[in-house]
2 protein chains.
Amino acid sequence: MPSKIRIALDAMGGDAGAAVVVPGAAISLGRHRDAEFLLIGDRARIEPELDRHHQLKAASKIIHTDVAVSGSDKPSQALRRGRRTSSMWMAIDAVKQGEADVAVSAGNTGALMAMSRFHLRTLPGVDRPAISGIWPTKRGETIVLDLGATIGGDAHHLVSLAVMGAAMASVLFDKKRPTVGLLNIGVEEIKGHEEIRDAGEILRARNLPELDYIGFVEGDGIGKGHADVIVTEGYSGNIALKAAEGTARQMAELLREGMQRTWMTKLGYLFARDAFQALRNKMDPNKSNGGVFLGLNGLVVKSHGGISAEGFASAIDVGYEMVKFDLLNKINQMLNREGGALNSVQAAQEAVS
Amino acid sequence: MPSKIRIALDAMGGDAGAAVVVPGAAISLGRHRDAEFLLIGDRARIEPELDRHHQLKAASKIIHTDVAVSGSDKPSQALRRGRRTSSMWMAIDAVKQGEADVAVSAGNTGALMAMSRFHLRTLPGVDRPAISGIWPTKRGETIVLDLGATIGGDAHHLVSLAVMGAAMASVLFDKKRPTVGLLNIGVEEIKGHEEIRDAGEILRARNLPELDYIGFVEGDGIGKGHADVIVTEGYSGNIALKAAEGTARQMAELLREGMQRTWMTKLGYLFARDAFQALRNKMDPNKSNGGVFLGLNGLVVKSHGGISAEGFASAIDVGYEMVKFDLLNKINQMLNREGGALNSVQAAQEAVS
């Protein structure tokens, strides 16, 4: 019998806590029968939710704590106050202790990253971790990183993002040599920061067997699906993600309002419901929920805080797949192959500069 | 009789040149009867177009040149090859010589900025120019800058963007003290580059009479209309703009495809046409076309290259309004008031650092 995929859930994270986390787990379990869950949080809140989901109850264990990291805690505060005792920490700790294969939390991003980094430590060869997300595109899906873990960074950092993103794409999209682009702006001569140009030169010069570097990609190239992986530092990655999500939400709202305006448009909505459903299936932020932390000795997935149970289930699904397809070992292999892709990159960078 | 608004058009810029520029001018003239045009480009291409638009013909003068700046020219190449002779240069020169109040071009952004900067020079107190755009939001419109003129920049640069953006908002939105936000990412402690934090401190400390600084705004806050003006350096501004435009286009395409799928959805489209039209009116990139170059001794507006005549007309409209409402003098006044808002800002910055 194959072993179970063990998922630790921070049942106090996000705007709704257990009320979203538990039904989310039930939805994900329906799709992945070989999953089992550690539900970490206030037993008094988890149990009533769990009583409504019998299959989940049979596949879950509650670990009680009533300490929650708040959404407004600074990372350093969260580390000080919530270390060892908070549901967020205990979910990460379950990964650290080998009791879970992945931790999923909808809590405070900065706190989750700080705790994950502090407790799990970065992989050898990786200086700074990243948050990667899955972006719906015209041609399918694209992995974008970093979405805000690390602000700025040199060419070496960007190259390590490329390697980690390619590892994730190879397991997620089942591609041997996923295409990788560097996010940049269009105009030739003022083409972005020096570190982006340098990273491009290194990636081209190294011609790594694990990824196919295709050059610079502009902001609208993400949605066009120009590459399997798009790499940028955390500030612009976060801005791009939120600008795109904001636009999608804005258009969906406009459309919803427009459809309610007259009996004609309401009728139109009824007839064209399939088309709207298709749009929602593709562009719903719920569906692409789940930011994978990369570069750590353990798997952690961040869910949006203000998400539905369906959305939280998507984040669990992402965590499940990362375990199933052995992302961590894959990244480690890529980082260590041939004496370390990143070490050879570092040497190349020194040669370039 | 009030004087005319004189608009110089680069009739060789953009993907289609005169075939879009001339009908675009005709559309804009229909909305602004006091406009007149210098059409600069190949007479053999302009004249046949102009023959179809009699009112425009009466309000226009052709200045012939057959030298065009190509879309692939680097800014330095364009300056070397196209100086004095190209349609792009001659449009800017018309502004420089006082023969036009504003120049509009759909040509190569880098070349247009390089030529504008070289020929018009920056305003006193402004180190580096910016490209500003008008972004459709939930609450109306927001000015976003810089969209890609200048990569990076210190706190002083960001503050000068805030002042120039506020001047533009005050004329465009008719507000005495427009709200201004700095684009940043959400997490408290890793809240972005130091220069953004410093710029925030300066803007708060100075409490300028021309603008109401409201703090940091995240990527999705642009579309929510959190501020009249959103300030960021050119790399992330360009990425945000293109990510948002790309998403809007992607959703529109998905919707169009979805509506064509079955007879039910087609019928739905017919009934709900008003709702789609409202969505298009709001989110169509054509409608928000026209990036105003700020910080120069003269007005230049950049249109998208691959745009329709309607879209190019929007860019002309933006230029028209900037002249009509005397943007340039307004910016100069703001920069020079009380011994210069920016100089006092610079002093404040030294005090802070």
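Predicted model: local features only at pLDDT ≥ 70, side-chain atom pairs only at ≥ 80, totals over all residues.
Residues are numbered from 1 along each chain as its sequence is written, chains are lettered from A and ligands numbered from 1 in the order in which they are written, and side-chain values use heavy atoms, with hydrogens and water left out.

**Where the chains meet**

- Chain A gives 63 residues to the contact and chain B gives 63 residues; contact here means heavy atoms within 4.5 Å.
- Between them, chain A and chain B bury about 5400 Å², with 72% of it on carbon and sulfur atoms. Buried area is the accessible area (1.4 Å probe) that two parts lose on being put together, summed over both.
- A:Tyr235, A:Met251 and A:Phe271 account for 14% of the area chain A buries against chain B, more than any other three residues.
- The rule finds four salt bridges across the interface of chain A and chain B, a salt bridge being a side-chain nitrogen of Lys or Arg within 4 Å of a carboxyl oxygen of Asp or Glu.
- A:Lys242 and B:Glu218 join their side chains in a salt bridge (2.2 Å, N to O).
- On the side of chain A that touches chain B, the elements giving two or more residues include β5 (130–137), α10 (234–259) and α11 (263–271) of chain A. Helices (H or I, at least four residues) and strands (E, at least two) are DSSP runs, numbered from the N terminus.
- The largest share of that side of chain A, 20 residues, comes from α10(A).

**The nonpolar cores**

- The largest nonpolar core has 111 residues, and A:Ile7, A:Leu9 and A:Phe37 touch the most other members. Such a core is a set of buried Ala, Val, Leu, Ile, Met, Phe, Trp, Tyr and Cys residues joined through side-chain atoms within 4.5 Å.
- Helix α7 (residues 155–172) of chain A gives the largest share of this core, 13 residues.
- A second, separate core of 110 residues includes B:Val20, B:Val126, B:Ala155 and B:Val300.
- Leaving aside neighbours within four places in sequence, A:Phe37 is in contact with residues including A:Ile7, A:Leu9, A:Leu56 and A:Ile316.

**A helix tucked inside chain B**

- Helix α5 (residues 87–96) of chain B is largely enclosed by the rest of the structure, because seven of its 10 residues are buried. Buried means under 20% relative accessible area, exposed over 50%, partly exposed in between (1.4 Å probe, protein chains only).
- Among the buried residues of α5(B) are B:Met88, B:Trp89 and B:Ile92.
- The buried residues of α5(B) pack against elements of chain B including β1 (5–10), α4 (75–82) and β11 (299–302).
- Just after α5(B), B:Gly98 takes a positive phi of about 75°.

**Two buried residues in chain A**

- A:Val69 sits in the loop between β3 (60–64) and α4 of chain A, and counts as buried because its relative accessibility is 13%.
- A:Val69 and A:Asn108 are 39 residues apart in sequence but 7.4 Å apart in space, C-alpha to C-alpha.
- A:Ser132 is found in strand β5 of chain A and, at 0% relative accessibility, counts as buried.
- Not counting residues up to four places away in sequence, A:Ser132 touches residues including A:Ile143, A:Met168 and A:Val292.
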